[in-house]
Amino acid sequence: MSAALQAPRPAPTAPPEGAPPVAAVDAAESEYAAVRSGFLSPQRSRQSILLLVVTIGLFALAAKQGDQGWKGVALLIGVLLFHEMGHWAGMKLFGFQDVQMFFVPFFGAAVSGRNASAKAWKEALVLMMGPVPGLVVGTFLLVRSAFEPSHLLAHLGLIMLLLNAFNMLPMSPLDGGKLFQLLIFSRNRFLELAFTFFAALGMLGLALLLGTWALGIMAGLLLISLPRQWKVLRIVKELRASSPEVDREPLEMDESSLRSLYTAVGELISNAVKGDNRLKQYVRTMQEVHLRVRMHPPSILASLGLFSLWFMGIVLVLVGILTVGSGRTPKAPEWSSYKDAKAGFSILMPDAAPARWTALHGPARSSRQEGETHGVRLWEEHDYSVTTWKLESPPTTDAEREQVLEEIRSALAAQVRAQRNPARSDEPRELAGIAGRHLVFSGDSAVTRGEVREEYWFGLREDRGYILRAQYDQRLAAPGEAERFFTSFRPLP
């Protein structure tokens with residue numbers, strides 16, 4: 001075709017004064033289209049076994065630092081897995097999306113998931129499905145170990161009780177704190193923000209009290225998150241007022257509501273984030289804000305019903321604490337050197353800080369002064385003690401010494417419980433250069449069907465008397481445990 005027959009092209013028109021350049025408009029619209037697509041059709045992720053295994057390994061290496069043995073690390077990981085499996089099972093049961101379980105070195109473990117249905121009661125039940133089953137099992141193990149003694153069951157039960165009781169505390173980001181926030185404080189944004197602030201202060205106080213830097217980091221993160229939390233709560237309030245259609249399933253929202261949500265969350269997105277990371281952050285933030293818009297607190301009656309699970313957990317904590325406090329839950333010995341210069345002895349004790357009391361084993365009150373007993377109780381009938389005192393009239397001859405030792409032997413035999421058999425062993429024994437005697441009694445336990453042994457060694461050194469006592473259930477005591485106690489005794493100058 002000739003040039004004469006071609007239609008003239010219209011001249012390009014300039015954009016209206018003040019309008020953004022076309023390229024900028026296209027870029028913004030392109031970003032919105034990508035974010036909109038990701039929000040309406042989110043990519044689903046499945047539990048990564050590799051992620052779980054790797055994070056468990058990293059957590060184990062971090063937990064092994066210090067004096068913690070591998071057995072203790074394994075028990076801790078098992079307890080954390082049991083706790084998180086409760087959350088995981090709840091999320092799967094209620095149709096949560098993108099459920100992932102992982103461990104965080106130095107901090108613990110977590111399960112993440114998205115409550116796509118935005119039902120608050122589901123969220124509350126998932127929160128309690130972590131600690132409550134752990135408290136049930138932990139308390140059961142403690143109570144059982146009080147009647148069927150087992151160091152392993154008692155230790156496992158105690159770990160489960162303490163870890164899950166800690167998670168029941170009403171402090172974010174713990175399960176109990178999230179429950180209180182969901183059922184009570186989410187009804188008012190000012191109350192919710194104040195709750196987070198005071199929860200952070202409480203966490204900081206716990207960190208200082210327990211000397212745990214991990215809790216201090218958690219408290220710091222909570223405080224740092226307050227400005228963003230305030231923005232999210234404000235945006236949620238504004239969207240509920242200006243765009244009611246946002247309170248719907250994503251695919252049921254009209255275009256105007258989608259744009260309103262996209263625009264509202266823009267102030268939460270950092271301009272420093274670019275490319276695909278920016279799009280992913282935009283989608284995650286829209287999902288977060290959209291979920292908050294849709295999730296309304298349950299009714300008062302439903303909230304009371306959900307809180308009953310928390311109260312049940314607290315009752316279980318109290319039962320466990322009372323069981324441990326009764327002294328009938330066996331405690332595994334942790335041997336350490338104990339020395340008392342005033343009492344004049346050193347010895348290995350099954351605890352670093354033995355208790356002291358004035359009740360003495362053996363000598364009559366009229367024959368002693370400045371008497372004191374140092375002891376550790378590991379179970380109802382499993383304890384170790386050292387009694388020391390000064391003699392008012394120290395013996396000066398061998399005959400007088402033997403007479404005092406015989407008085408002590410008779411007093412000990414009289415003090416042994418009626419169900420014990422007569423002394424199975426009564427023989428001279430020297431400990432740390434001190435001549436003395438060794439008595440062994442045995443009999444059925446007053447609490448369980450096991451056999452209990454009571455062993456005493458007593459001797460005199462100048463004007464001071466010593467009585468070493470080991471009472472133990474043979475099902476709990478390690479081989480040679482009592483002998484280790486006796487042979488570690490040393491008098492001090």
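## Strands, salt bridges and a buried threonine

Student: Which residue in β12 stands opposite S346?

Tutor: R490 in β12 is the residue that S346 faces. Bear in mind that this is a predicted model.

Student: And how many bridges join β4 to β12?

Tutor: Two bridges join β4, residues 345-349, to β12, and the strands run antiparallel.

Student: What's the strand order in that sheet?

Tutor: The order is β3-β4-β12, three strands in an open sheet with antiparallel pairing. β3 and β12 (490-491) are the edge strands; each has a single partner, so one side of each has no neighbour in the sheet.

Student: What holds strands like these together, in general?

Tutor: Strands of a sheet pair through backbone hydrogen bonds, in a parallel or an antiparallel sense.

Student: Moving to β1 and β2. In which sense do they pair, parallel or antiparallel?

Tutor: β1 and β2 pair in the antiparallel sense, over six bridges. Within that pairing, M101 stands opposite V111 in β2.

Student: How many residues sit between β1 and β2 in the hairpin?

Tutor: Three residues lie between the two strands of the hairpin, and F106 in the turn has a positive phi of about 75°. F107 is also in the loop between β1 (97-104) and β2 (108-114).

Student: Is F107 buried, partly exposed or exposed?

Tutor: F107 has a relative accessible area of 40%, so it counts as partly exposed. F107 also belongs to a nonpolar surface patch of about 720 Å², together with V104, F106, W213, I217, L221 and I224.

Student: Which helix gives the largest share of that patch?

Tutor: Helix α9, residues 213-242, with four residues.

Student: Salt bridges next. What does the count come to?

Tutor: The count is 21 salt bridges. One of them joins E255 and R36, with the closest N and O atoms 3.1 Å apart. E255 lies in helix α10 (residues 255-264) and R36 in helix α1 (residues 22-40), so this pair ties together parts that are 219 residues apart in sequence.

Student: How accessible are E255 and R36?

Tutor: E255 is partly exposed at 33% relative accessible area, and R36 is partly exposed at 31%.

Student: What does K331 form a salt bridge with?

Tutor: K331 pairs with D351, and their closest N and O atoms are 2.5 Å apart. K331 is in the loop between α12 and β3, while D351 is in the loop between β4 and β5 (355-357), so to speak two distant parts of the chain, 20 residues apart.

Student: Is D351 buried or exposed?

Tutor: D351 counts as buried, because its relative accessibility is 18% and the cut-off for buried is under 20%.

Student: Which strands do D426 and R437 lie in?

Tutor: The side chains of D426 and R437 meet in a salt bridge, at 3.1 Å from N to O. D426 is in strand β8 (residues 425-431) and R437 in strand β9 (residues 434-444), so the pair ties together parts 11 residues apart in sequence. D426 is partly exposed, with a relative accessible area of 32%.

Student: Which residues do salt bridges with shared partners join into one network?

Tutor: E29, R36, E255 and R259. The E255 and R36 pair discussed above is a salt bridge between two of these residues.

Student: What does the T329 side chain reach?

Tutor: The T329 side chain reaches the backbone oxygen of T323 at 3.3 Å. Beyond four places in sequence, the contacts of T329 include L142, S145, A154, L378 and W379.

Student: Which helix is S145 found in?

Tutor: S145 is in helix α5, and S145 is buried, with a relative accessible area of 0%. Leaving aside neighbours within four places in sequence, S145 is in contact with residues including R328, T329, P330 and W379.

Student: Last one, α4. Which of its residues are buried?

Tutor: In helix α4 (residues 120-128), the buried residues are A120, K122, A124, V126, L127 and M128. Their cover includes α3 (70-93), α5 (131-147), α7 (175-183) and α12.

Conventions:
Residues are numbered from 1 along each chain as its sequence is written. This is a predicted model: local features need pLDDT of at least 70, side-chain atom pairs count only at pLDDT 80 or more; totals for chains, interfaces and linings use all residues. Side-chain values use heavy atoms; hydrogens and water are left out. A polar contact is a pair of N or O atoms within 3.5 Å; within protein, one must be able to donate a hydrogen and the other to accept it, and residues adjacent in sequence count only if both atoms are side-chain atoms. Contact means heavy atoms within 4.5 Å. Patches are made of residues with over 30% relative accessible area and no salt bridge: like charges are joined within 9 Å, nonpolar side chains (Val, Leu, Ile, Met, Phe, Trp, Tyr) within 5 Å. Accessible areas come from the Shrake-Rupley method with a 1.4 Å probe; for residues, only the protein chains shown count as cover. A salt bridge is a side-chain nitrogen of Lys or Arg within 4 Å of a carboxyl oxygen of Asp or Glu. Buried means under 20% relative accessible area, exposed over 50%, partly exposed in between (1.4 Å probe, protein chains only). Two strands pair if DSSP finds at least two bridges between them.
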